[in-house]
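Welcome! Take a moment to look at the sequence and the 3D structure, and then let us walk through them together.

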Amino acid sequence: MATIRRRVTAYGRVQGVFFRDSTRSEAERRGVAGWVRNTERGTVEAVFEGDPDMVEAMVWFCREGPESAHVDRLDVDDEEPESLRGFRVR
């Protein structure tokens with residue numbers, strides 16, 4: 001099975017709206033490894049590793065975010081997988 005890795009940065013109303021916890025729950029449900037964190041710039045950054053279909057589903061999840069979020073822009077970058085295990089909120 002191929003593993004891919006994507007780093008996303010979400011801009012907009014993304015902090016204080018359960019974005020990180022919702023992302024963690026969704027990633028665990030899909031079996032995707034990685035992490036999510038708030039940044040000092042007011043964005044949310046996340047890394048997803050795993051099955052290509054599941055990682056792409058996580059990218060699409062972040063385009064919307066949880067119900068109370070408003071994502072204005074989502075930057076997506078490809079990276080080399082690092083064999084991450086589990087998913088955590090930083």
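## Ground rules

A residue is called buried when its relative accessible area is under 20%, exposed when it is over 50%, and partly exposed in between, using a 1.4 Å probe and protein chains only. By this rule Phe48 is buried, with a relative accessible area of 0%.

This is a predicted model, in which local features need pLDDT of at least 70 and side-chain atom pairs count only at pLDDT 80 or more, while totals for chains, interfaces and linings use all residues. Residues are numbered from 1 along each chain as its sequence is written, and side-chain values use heavy atoms, with hydrogens and water left out.

## The overall picture

The chain has two helices and five strands. Here helices (H or I, at least four residues) and strands (E, at least two) are DSSP runs, numbered from the N terminus.

How does the radius of gyration of the chain sit with that of a compact globule? For 90 residues such a globule would have a value near 12 Å, and the chain agrees with its 12 Å. This radius is taken over C-alpha atoms, and the globule rule is 2.2 Å times the number of residues to the power 0.38. The C-alpha trace spans about 35 × 20 × 20 Å along its principal axes.

Of the 90 residues, 43% count as buried. The accessible surface of the chain is about 5300 Å², and carbon and sulfur atoms own 43% of that surface; such areas come from the Shrake-Rupley method with a 1.4 Å probe, and for residues only the protein chains shown count as cover. Contact means heavy atoms within 4.5 Å. Among contacts between residues at least 6 apart in sequence, 78% join residues at least 24 apart.

## Rings and charges

Rings of Phe, Tyr and Trp (its six-membered ring) pair if their centres lie within 6.5 Å; planes under 30 degrees apart count as stacked, over 60 as edge-to-face and the rest as tilted. The count here is one aromatic pair. Phe48 and Phe87 form this stacked pair, with 6.0 Å from centre to centre and 15° between the planes. Phe48 belongs to strand β3 (residues 44–50) and Phe87 to strand β5 (residues 87–89), so the pair ties together parts that are 39 residues apart in sequence. Phe87 also counts as buried, at 10% relative accessibility.

A charge sits over a ring if NZ of Lys or CZ of Arg is within 6 Å of the ring centre and within 35 degrees of the ring normal. Arg63 lies over the face of Trp60, 4.5 Å from the ring centre. The charged end of Arg90 sits over the ring of Trp35, at 4.1 Å from its centre.

## A residue in strand β4

Look for Leu74 in strand β4 (residues 70–79). Leu74 is buried, with a relative accessible area of 13%. Not counting residues up to four places away in sequence, Leu74 touches Val8, Thr9, Ala10, Val59, Cys62 and Arg63. The C-alpha atoms of Leu74 and Val59 are 8.7 Å apart, and the two residues are 15 residues apart along the chain.

## Two loop residues with positive phi

Most residues other than glycine have a negative phi. Phe18, in the loop between β1 (4–13) and α1 (19–30), has a positive phi near 65°. Ser83, in the loop between β4 and β5, has a positive phi near 60°.

Are these residues buried or exposed? Phe18 is exposed, at 64% relative accessible area, and Ser83 counts as exposed at 59%.
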